[in-house]
Amino acid sequence: MSALLNNLPSYRRMLEHDLDAIMAIENVVYPHPWTRGNFKDSLREGYHCWVVEAGGEFVGYSVMMVAAGEAHLLNLSIAEPWQRRGCGRELLQFMLKVARDFAAAMIFLEVRPTNVAGLGLYADAGFSEIALRRGYYPARHGREDAIVMRLELI
Ligand SMILES: CC(C)(COP(=O)(O)OP(=O)(O)OC[C@H]1O[C@@H](n2cnc3c(N)ncnc32)[C@H](O)[C@@H]1OP(=O)(O)O)[C@@H](O)C(=O)NCCC(=O)NCCS
């Protein structure tokens, strides 16, 4: 029973000492990862920065900004060994709850058109595509567009 309980995902606020574990995941799951500085800035700015652990392992993390009734999901990542096991969906639902708790009426995010997993996850959660930002992301050859997605929270 306790082994089962130990494997349930638990959520806590990100701390600066998590950044080694986070960078180890970030550098694997993204072709163009955030830098350690991006995470430090997010922590310093007081963004909503959360990590998920299960069974003593680091499963994933997410960073979100909430201001003036709008949330912006800036990063949501699941470590490769934990992918396709429902952890991304659960972490996203957790972040949507945080956004609602902080009075956001809407949440926005950007995702690469080539990010099949990200697009699938967000569509599955009810996000709709509302715009295209041309050349938003760095890419291996030049730049890549971003699809802007939105979900109403109330
Ligand atoms: C996107 C990501 C967070 C999904 O996390 P995950 O834990 O693997 O996803 P889940 O198992 O919770 O899947 C939830 C739904 O997302 C979609 N999905 C997830 N991975 C997918 C994939 N590889 N291909 C297509 N759809 C996918 C599916 O709709 C899935 O539902 P289903 O399993 O019932 O088909 C994960 O792949 C990841 O960390 N990728 C690298 C970082 C990244 O791209 N983050 C998003 C940036 S915008």
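The axes of α2 and α3 cross at roughly 130 degrees and come within 10 Å. This is a predicted model.

**Exercise 1.** Classify the packing of α2 (19-29) against α3 (36-44), then find the residues that make the contact.

*Solution.* 
- Step 1. Take the angle between the axes: roughly 130 degrees.
- Step 2. Apply the cut-offs. Roughly perpendicular covers 65 to 115 degrees, and roughly antiparallel needs over 145. α2 is therefore oblique to α3.
- Step 3. Assign the hand. α2 and α3 form a right-handed crossing.
- Step 4. List the contact. α2 gives Leu19, Asp20, Ile22, Met23 and Glu26, while α3 gives Arg36, Phe39 and Lys40.
- Step 5. Sort by class. The contact of α2 with α3 holds four nonpolar and four charged residues, and no polar ones.

**Exercise 2.** Treat α4 (87-101) and α5 (116-124) likewise: state how the axes lie and which residues make the contact.

*Solution.* 
- Step 1. The axes of α4 and α5 lie 10 Å apart, at an angle of about 55 degrees.
- Step 2. Roughly parallel needs under 35 degrees, and roughly perpendicular starts at 65. α4 and α5 are therefore oblique to each other.
- Step 3. The crossing of α4 past α5 is right-handed.
- Step 4. On α4, Gly88, Arg89 and Leu92 make the contact; on α5, Leu121, Tyr122 and Asp124 do.
- Step 5. By class, the contact of α4 with α5 has three nonpolar, two charged and one polar residue.

**Exercise 3.** Describe the largest pocket: its volume, its lining and the elements that supply the lining.

*Solution.* 
- Step 1. The volume is about 1400 Å³.
- Step 2. Count the lining: 42 residues. Nearest the centre lie Tyr30, Leu76, Asn115, Gly118 and Tyr122.
- Step 3. Trace the elements. Helices α2, α3, α4 and α5 each supply at least two lining residues. So do strands β4 (70-78), β5 (106-111) and β6 (128-138).
- Step 4. Link back. Tyr122 is among the residues nearest the pocket centre, and Tyr122 also takes part in the contact of α5 with α4.

Notes: Residues are numbered from 1 along each chain as its sequence is written. This is a predicted model: local features need pLDDT of at least 70, side-chain atom pairs count only at pLDDT 80 or more; totals for chains, interfaces and linings use all residues. Side-chain values use heavy atoms; hydrogens and water are left out. On a 1 Å grid over the protein atoms alone, a cavity is a set of points where a 1.4 Å probe fits but cannot get out, and a pocket is an open set with protein on both sides within 12 Å along at least five of seven lines; lining residues have an atom within 4 Å of a point. Grid points are joined across faces, edges and corners, and a volume is the space filled by probe spheres set on the points. Helices (H or I, at least four residues) and strands (E, at least two) are DSSP runs, numbered from the N terminus. Axes are lines fitted to C-alpha atoms, for helices over the stretch in contact, and angles run from 0 to 180 degrees between N-to-C directions. A crossing is left-handed if the near helix is turned anticlockwise from the far one by less than a right angle, and right-handed if clockwise. Contact means heavy atoms within 4.5 Å. Ala, Val, Leu, Ile, Met, Phe, Trp, Tyr, Cys and Pro count as nonpolar, Asp, Glu, Lys and Arg as charged, and the others, Gly among them, as polar.
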